[in-house]
Amino acid sequence: MALQAATLFPSTRCISKENKGIAIKETSLFGSALPAGIKAEFSPSFYKELRKKVSNGAIRAQTAATAPAVNLASSEGKKTLRKGCVIITGASSGLGLAAAKSLAETGKWHVIMACRNFLKAEQAAKSLGMAKENYTVMHLDLASLDSVRQFVETFRRSEMPLDSLVCNAAVYLPTAKEPTFTAEGFELSVGTNHLGHFLLARLLLDDFKKSDFPLKRLIIVGSITGNTNTLAGNVPPKANLGDLRGLAGGLNGVGSSSMIDGGEFDGAKAYKDSKVCNMLTMQEFHRRYEETGISFASLYPGCIAETGLFRNHIPLFRILFPPFQKYITKGYVSEKEAGDRLAQVVSDPSLSKSGVYWSWNSTSASFENQLSKEASDAEKARKLWEVSEKLVGLA
């Protein structure tokens with residue numbers, strides 16, 4: 001009995017089994033049709049039975065020349081006859097979209113574009129020519145913990161595995177004079193960039209553990225601006241979490257400060273503080289869960305001077321910053337190059353080390369960078385974890 005290429009790849013519409021067509025229905029997720037065959041491809045029970053038949057010699061695989069590449073590598077010597085599945089938050093623009101495109105184009109990854117603006121994400125994917133069988137858009141608003149929980153439930157109903165999670169989405173309000181707040185009343189930058197991602201990653205840990213994929217990675221995007229051991233990190237206002245008194249008080253600006261350190265609100269500092277939280281969280285995940293086989297990493301992909309992240313900055317900054325980075329600091333990186341670097345951290349076997357903060361040098365070679373004293377403070381990471389658990393309702 002021959003297993004046709006249609007069995008192995010999500011772009012096909014049916015499975016050939018003893019010359020009888022078996023139709024695969026489409027599944028709708030928040031109004032978007034899941035491409036035919038995706039659910040069957042990622043079904044754990046489907047692959048359990050498939051591997052059993054392959055090992056017994058009952059099935060031989062036949063692949064078409066136009067079919068996507070299949071990852072056959074595994075740390076345990078097992079063959080993985082499916083694409084990897086990666087969730088990327090904030091994939092409707094900027095770094096997240098560039099990384100989604102880079103991974104989808106390989107044909108080896110199915111990208112879950114987890115975005116607040118569903119229509120914007122769909123239009124962005126189509127405008128870049130991303131093949132529909134290589135991505136699915138799902139709604140996620142990190143400024144609402146209820147939305148995070150709903151996303152996790154919806155993802156689980158899709159029966160797709162989780163092989164990699166990229167916590168990329170970010171809010172940056174450098175010119176804000178007064179704080180704005182999430183649905184639960186947390187200052188928006190920290191509530192979205194840190195607390196929303198913290199809850200998402202924690203809830204998805206069990207899904208990670210079920211994956212048999214050889215490259216399981218949880219990646220949190222950091223920033224050079226949160227590292228005070230760099231020139232950029234020393235541009236005022238500098239990141240500083242203090243003793244976390246503002247965070248412990250709920251960041252609501254009423255009974256406590258809206259800033260993590262308990263100080264006066266500063267939009268630029270709130271963003272930088274949230275990036276320190278991201279990097280501390282990555283290290284605490286590494287310390288607590290390294291034995292699960294998941295690799296935990298953070299990265300700074302370079303200065304993306306032309307990106308929607310700066311949409312709320314003053315117009316003059318948006319005009320002058322790109323040429324300044326190109327011709328003065330020489331630190332300019334395009335969205336595409338940064339996206340390729342993030343995709344590299346997701347998929348490159350040579351970047352599998354856990355607990356690392358990745359950066360790239362002038363020749364675009366990756367290296368293990370050093371975090372600042374605060375961004376690598378193990379005791380502060382532990383305390384941040386415990387306070388964050390209480391705020392998102394996990395304690």
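Guide: What follows looks at the nonpolar core and then at the aromatic pairs. The model is a predicted one, and its largest nonpolar core holds 54 residues, of which Ile 87, Phe 151, Phe 155, Leu 165, Leu 200 and Leu 218 touch the most other members. Helix H9, spanning residues 267-289, supplies the largest share of this core, with seven residues. Leu 200 shows what such packing involves: leaving aside residues up to four places away in sequence, Leu 200 touches Thr 89, Leu 140, Leu 142, Val 148, Phe 151, Val 152 and Leu 165.

Turning to the rings, the structure holds eight aromatic pairs. One of them joins Tyr 172 and Tyr 271 in a tilted arrangement, 4.6 Å centre to centre with 50° between the planes; Tyr 172 sits in the loop between strand E10 (164-167) and helix H6 (188-203), whereas Tyr 271 belongs to helix H9, 99 residues apart. Both Tyr 172 and Tyr 271 are buried. Phe 285 and Trp 385 form an edge-to-face pair, with centres 4.8 Å apart and planes at 75°. Because Phe 285 lies in helix H9 and Trp 385 in helix H12 (residues 378-392), this pair ties together parts that are 100 residues apart in sequence.

Methods:
Residues are numbered from 1 along each chain as its sequence is written. This is a predicted model: local features need pLDDT of at least 70, side-chain atom pairs count only at pLDDT 80 or more; totals for chains, interfaces and linings use all residues. Side-chain values use heavy atoms; hydrogens and water are left out. A nonpolar core is a set of buried Ala, Val, Leu, Ile, Met, Phe, Trp, Tyr and Cys residues joined through side-chain atoms within 4.5 Å. Buried means under 20% relative accessible area, exposed over 50%, partly exposed in between (1.4 Å probe, protein chains only). Helices (H or I, at least four residues) and strands (E, at least two) are DSSP runs, numbered from the N terminus. Contact means heavy atoms within 4.5 Å. Rings of Phe, Tyr and Trp (its six-membered ring) pair if their centres lie within 6.5 Å; planes under 30 degrees apart count as stacked, over 60 as edge-to-face and the rest as tilted.
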